[in-house]
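Student: Hi, I've never looked at this one before. Can you walk me through it?

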Amino acid sequence: QLVEQGNISAARSMLERAAEGGNARALFALAETYDANMLSAWGTVGIQGDTAKAKELYGKALAGGVEEANARLKALKP
C-alpha cells in the first residue's frame with residue numbers, strides 16, 4: 001500500500017523489518033523498491049534505485065523460494 005502511495009522510503013523501512021526475519025516475499029518486495037526498473041514502472045519520482053542492493057535482495061528472495069526473483073535478476077542492468 002505504501003508503494004502504491006509512492007511512499008517508497010516508508011515501504012523500505014517496513015519491509016526491512018519483515019525481511020530481517022528471513023521472509024522471502026518481504027525480501028522480494030524490498031528488492032523491488034531498489035530496482036530501477038520497478039521504480040520507473042511505478043512512476044516513482046525522487047527515489048533512486050540501487051542495482052547492487054536489488055540484486056542482493058532478489059538473490060536472497062530466490063534462495064528463499066520466490067521464483068519470480070530470477071526474472072527480475074535477469075532484467076537488471078549490470
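This is a predicted model: local features need pLDDT of at least 70, side-chain atom pairs count only at pLDDT 80 or more; totals for chains, interfaces and linings use all residues.

Student: Okay. How many residues does helix α1 have?

Tutor: It has 13, covering residues 8–20. From first C-alpha to last, α1 reaches 18 Å, close to the 18 Å expected at 1.5 Å a residue.

Student: And which residues of α1 are buried?

Tutor: I8, A11, R12, L15 and A19. Looking down the axis of α1, those buried residues fall within an arc of 100°, so they line one face of the helix. R17 and E20, on the other side, are exposed.

Student: What do the buried residues of α1 pack against?

Tutor: They pack against α2, residues 24–34, and α3, residues 36–41. Just after α1 comes G22, with a positive phi of about 85°.

Student: New topic: where is D35?

Tutor: In the loop between α2 and α3. D35 is another buried residue with no salt bridge, and its nearest side chain of opposite charge, R72, is 5.2 Å away.

Student: So what does the side chain of D35 make a polar contact with?

Tutor: With the side chain of Y58, at 2.8 Å. Beyond four places in sequence, D35 is in contact with A54, Y58, R72 and L76.

Student: Which residues of α4 are buried?

Tutor: A54, L57, Y58 and A61. They cover an arc of only 100° around the axis, which puts them on the same side of α4. The exposed A52 and A63 are on the other side. Among what covers the buried residues are α2, α3 and α5, residues 68–75.

Student: What happens at the start of α4?

Tutor: A side-chain oxygen of D50 reaches to within 3.3 Å of the backbone nitrogen of A52. Past the helix, just after α4, G65 has a positive phi of about 105°.

Student: Back to charges. How many salt bridges does the structure hold?

Tutor: Four. One of them is between R25 and E68, at 3.7 Å from N to O. R25 is in helix α2 and E68 in helix α5, so the pair ties together parts that are 43 residues apart in sequence.

Student: Which residue does E32 form a salt bridge with?

Tutor: R72, with the closest N and O atoms 2.5 Å apart. E32 lies in α2 and R72 in α5, so this pair links parts 40 residues apart in sequence. E32 and R72 are both buried, while R25 is partly exposed at 48% relative accessible area.

Student: And how far apart are the closest N and O atoms of K60 and E56?

Tutor: They are 3.3 Å apart, in a salt bridge. K60 and E56 sit four residues apart in helix α4, separated by about one helical turn. K60 is partly exposed at 43%, and E56 is partly exposed at 38%.

Student: Which residues do shared partners join into one network?

Tutor: R25, E32, E68 and R72, through salt bridges that share partners.

Conventions
Residues are numbered from 1 along each chain as its sequence is written. Side-chain values use heavy atoms; hydrogens and water are left out. Helices (H or I, at least four residues) and strands (E, at least two) are DSSP runs, numbered from the N terminus. The expected span of a helix is 1.5 Å times one less than its number of residues. Buried means under 20% relative accessible area, exposed over 50%, partly exposed in between (1.4 Å probe, protein chains only). The arc is that of the directions from the helix axis to the C-beta atoms. Contact means heavy atoms within 4.5 Å. Lys and Arg count as positive and Asp and Glu as negative; His and the chain ends are not counted. A polar contact is a pair of N or O atoms within 3.5 Å; within protein, one must be able to donate a hydrogen and the other to accept it, and residues adjacent in sequence count only if both atoms are side-chain atoms.
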